[in-house]
Amino acid sequence: MKILVAGGAGYIGSCTTEYLLERGHEICVFDALLNGHRQAVDPRAKFVKGNLEDYSAISNAIHDFQPEGVIHFAAFIEVGESMKLPGKYFRNNVANAMNLAEACAQNGVRKIVFSSTAATYGMPKNVPIKETEPTIPINPYGESKLMFEKVLRWYHDIHGLQYTALRYFNAAGATPVHGEDHHPETHLIPLVMQAAEGKRPKISVFGTDYDTPDGTCIRDYIHVLDLAQAHLLALENQDSGAFNLGTGQGHSVKSIIDTVKSVTGLDFPVEYAERRPGDPARLIADSTAAKTVLGWKPQYDDINAIVESAWKWRRLYPNGYED
Ligand code: UFG
């Protein structure tokens, strides 16, 4: 398949590009390199530097490459920042993304696969979370993702553009050559590893009084290559809709810190701090629908293996992509 990957220079986009190339697909990466890295673009992929705010840039890229499918990773991802700068999130994650949807519809793209998020659910009542759980986002980031899911539904109904929204839980891990290099880093596993490497003095645990067995928040960490597999299955599938992607297992913040200590063999200071505003106590996916409808078969159900893959990548790229 010819596949255009918007945001293919970012963490999940670069890992998915590698996964698709390994399976013989032809890829064009379209990325503005605002947060992504040129070095993260697989050399086997065609690369177009462009921003989704520029309709002609994305439309020309799609017209020239003639992809059958498009994957959209090119969004802003920081929950905390979205609470300070909502306009930045709605402008890029909704308005600019609409240029991509429009360019797909105008150029005969069959299917778009969209990186959505568990943040569309807000504070869920029922955990593990099914796709039928009400979507009530509690921050502009989650709201912007949900809004674009709705935009896609109308492009499907009116223009016949097939879509799959993949609601990721906590993406983690790395391939041997592509990994997580965010500036600033806000995610738990890379931050704990920075503490292990001595690049930060300590790791802070945000809240120890949650209604969970050890009092810290529980998340469902899903390997980035399992996410990649779901994108390919979604492109091959003709239906439209939203799917949760997670392992169905929850790990507390404290247990993740212990896992990093055991995988790295390194010790480091841990500080018990106040809650971070907006954190739900438990987010665990029910991914039955992705398994039955898409045929998704996640390969990594062991948190040690997920953390080990991230650690291996960090040891090969101690300073990230350095571009
Ligand atoms: N945490 C700490 N200390 C840190 C960083 C994080 O204790 O230094 C905690 C958080 O409070 C949270 C857990 O570790 O309880 C995981 O936090 P992350 O920031 O790694 O991930 P989130 O669960 O907040 O966010 C992820 C994705 C978002 C998505 C969200 C869905 O990164 O894009 O899941 O709710 F929106």
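Where is the place of Pro-128? Pro-128 sits in the loop between strand 5 (111–117) and helix 5 (140–159); helices (H or I, at least four residues) and strands (E, at least two) are DSSP runs, numbered from the N terminus.

## The model

This is a predicted model, where local features need pLDDT of at least 70 and side-chain atom pairs count only at pLDDT 80 or more, while totals for chains, interfaces and linings use all residues. Residues are numbered from 1 along each chain as its sequence is written, and side-chain values use heavy atoms, with hydrogens and water left out.

The chain averages a pLDDT of 97, and 100% of the residues score at least 70; pLDDT is the predictor's confidence in each residue, from 0 to 100.

Another cis peptide bond joins His-183 and Pro-184, with omega about 0°, and Pro-184 is in the loop between strand 7 (170–172) and helix 6.

Leu-33 has a positive phi, near 60°, despite not being a glycine. Its loop runs between strand 2 (26–31) and strand 3 (46–49). Gln-66, also not a glycine, has a positive phi of about 55° and lies in the loop between helix 2 (55–65) and strand 4 (69–72). Leu-33 is partly exposed at 24% relative accessible area, and Gln-66 is partly exposed at 45% (buried means under 20%, exposed over 50%, partly exposed in between, with a 1.4 Å probe and protein chains only).

## Buried pieces

Strand 11 (residues 241–245) has four of its five residues buried, so it is largely enclosed by the rest of the structure. Five bridges join strand 11 to strand 6 (residues 162–168), and the two run parallel; strands pair if DSSP finds at least two bridges between them. Tyr-168 stands opposite Leu-245 in strand 11.

Over in helix 4 (residues 86–106) there's Asn-96, buried with a relative accessible area of 10%. Not counting residues up to four places away in sequence, Asn-96 touches Asn-51, Leu-52, Glu-53 and Arg-91, where contact means heavy atoms within 4.5 Å.
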